[in-house]
Amino acid sequence: MKLQRMNRRALALGALAVTGALALTACGSDDTGNSDGGDASATAQAGNIDCGDAKGQLQASGSTAQKNAIDAWVKQYTAACKDVQINYNPTGSGAGITAFTQGQTAFAGSDSALKPEEVEASKKVCTDGQGIDLPMVGGPIAVGFNVPGVDTLALDAPTLAKIFDNKITKWNDPAIAKLNSGAELPDLKIQAFHRSDESGTTDNLTKYLKAAAPQDWKYEPGKSWEAEGGQSAQGSSGLAQQVKQTSGAISYFELSYAAEGIKTVDIKTEATEPVKATIENATAAIGAAKVVGTGKDLALELDYTPSAEGAYPIVLVTYEIVCDKGNKADTLPATKSFLNYMASEEGQGQLADAGYAPMPQEIITKVRETVSSLS
């Protein structure tokens, strides 16, 4: 395990350098997952964290997808900044944004960028400012499955769309068999699970389905599940649990939730081979993202239909949403200190250990500059 952690750490640091080709177009979870960041590294990294004047409690909530990354960050940060207590409640992206715009939290985590009406709502709590999107965490949305006797499964966007829209209901359907030549697919009912809460993970999955299979996915992308049929569960951990315990199940969640024995689908794209859900393959896709936010907002536009070899198409970026100006004086020092650590080389270097992809260098550099300017 120690060697694996070293390899993942090397991958994370390598990704920070390799993804330097990103094209910038503007300057502008009830989950309980834990991550072992390594006690030895905790002591070493604690000395590199600038606590500044940070103290007191920091309340935040939102994305369940980043919960395991937050766990790893909090472990390292609070080892250094003992006067700060960080409480992150993984309520889902939609609930996190609502809590932020109602002034209940210092920042929110969301797997999709703020909508115009959410920006407008944020102005009520950001004195003379507004909420902005800071991309901090990346990674693949894994499609997990539980089909007895099947260890490897490839699906394309049209087939996934039909499965999640209750149009394909058996695992031995001809469309699935065609993509998995030689596999012994059982005559077993498909049990498709989706999020019951508003979720940026759902938003990104449905954006992929809409972009890659527009003829088969008739619903508009969004945080709420619109398709009929299927079953629901709360949070990424809830979906992962359903896949683990339900024969015939299929669902979607951030890759770290598939770590405990859940098999994941390889996605057929225009590339010659189906693409596996890995950190490396997600980084390849995120590296093609474009910054479309204006001013200090760093919202990204992702490409859900990549054709490059090894580019995994179902990815998400989790944003930390914070006021650019008008943050509460009693929480601003801790907010800046913690976000600065998250965006630091050390913080980003923790992500691969927790099953996530770090942000490309150009983007994370801009994030660091923006965090320093928060007021």
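Student: Which side chain of opposite charge is nearest to Asp297, and how far away is it?
Tutor: Lys123, at 12 Å. Bear in mind that this is a predicted model. Asp297 is buried yet has no salt bridge.

Student: Where does Asp297 lie?
Tutor: In the loop between β11 (290-291) and β12 (300-301).

Student: What lies 3.1 Å from a polar atom of the Asp297 side chain?
Tutor: The backbone nitrogen of Ala299.

Student: OK, salt bridges. How many are in the whole structure?
Tutor: A search finds 12. One of them joins the side chains of Lys67 and Asp71, at 2.9 Å from N to O.

Student: Are Lys67 and Asp71 buried or exposed?
Tutor: Both are buried.

Student: And how are Lys67 and Asp71 placed in helix α3?
Tutor: They are four residues apart in α3 (residues 67-80), so about one helical turn separates them.

Student: What about Lys263, which residue does its side chain meet in a salt bridge?
Tutor: Asp151, at 2.7 Å, N to O. This pair links distant parts of the chain, 112 residues apart. Lys263 is in strand β9 (residues 263-264). Asp151 is in the loop between β4 and β5 (154-156).

Student: Why does Asp151 count as exposed?
Tutor: Because its relative accessibility is 56%, and exposed means over 50%. Lys263 has 32%, so it counts as partly exposed.

Student: Which helix holds both Lys366 and Glu369?
Tutor: Helix α13 (residues 361-373). They sit three residues apart there, about one turn of the helix.

Student: How accessible are Lys366 and Glu369?
Tutor: Lys366 is partly exposed, with a relative accessible area of 27%. Glu369 also counts as partly exposed, at 46% relative accessibility.

Student: Leaving out residues up to four places away in sequence, what does Trp73 touch?
Tutor: Met136, Val137, Phe338, Tyr341, Met342, Gly347, Gln348, Gln350 and Leu351.

Note on methods. Residues numbered from 1 in each chain as written. Predicted model: local features only at pLDDT ≥ 70, side-chain atom pairs only at ≥ 80, totals over all residues. Heavy atoms only, no water. Contact = heavy atoms within 4.5 Å. Salt bridge = Lys/Arg side-chain N within 4 Å of Asp/Glu carboxyl O. Helix = DSSP H or I, 4+ residues; strand = E, 2+ residues; numbered from the N terminus. Buried < 20%, exposed > 50% of the residue type's maximum accessible area, 1.4 Å probe, protein only. Lys, Arg positive; Asp, Glu negative; His and termini not counted. Polar contact = N/O pair within 3.5 Å; in protein donor to acceptor, adjacent residues only side chain to side chain.
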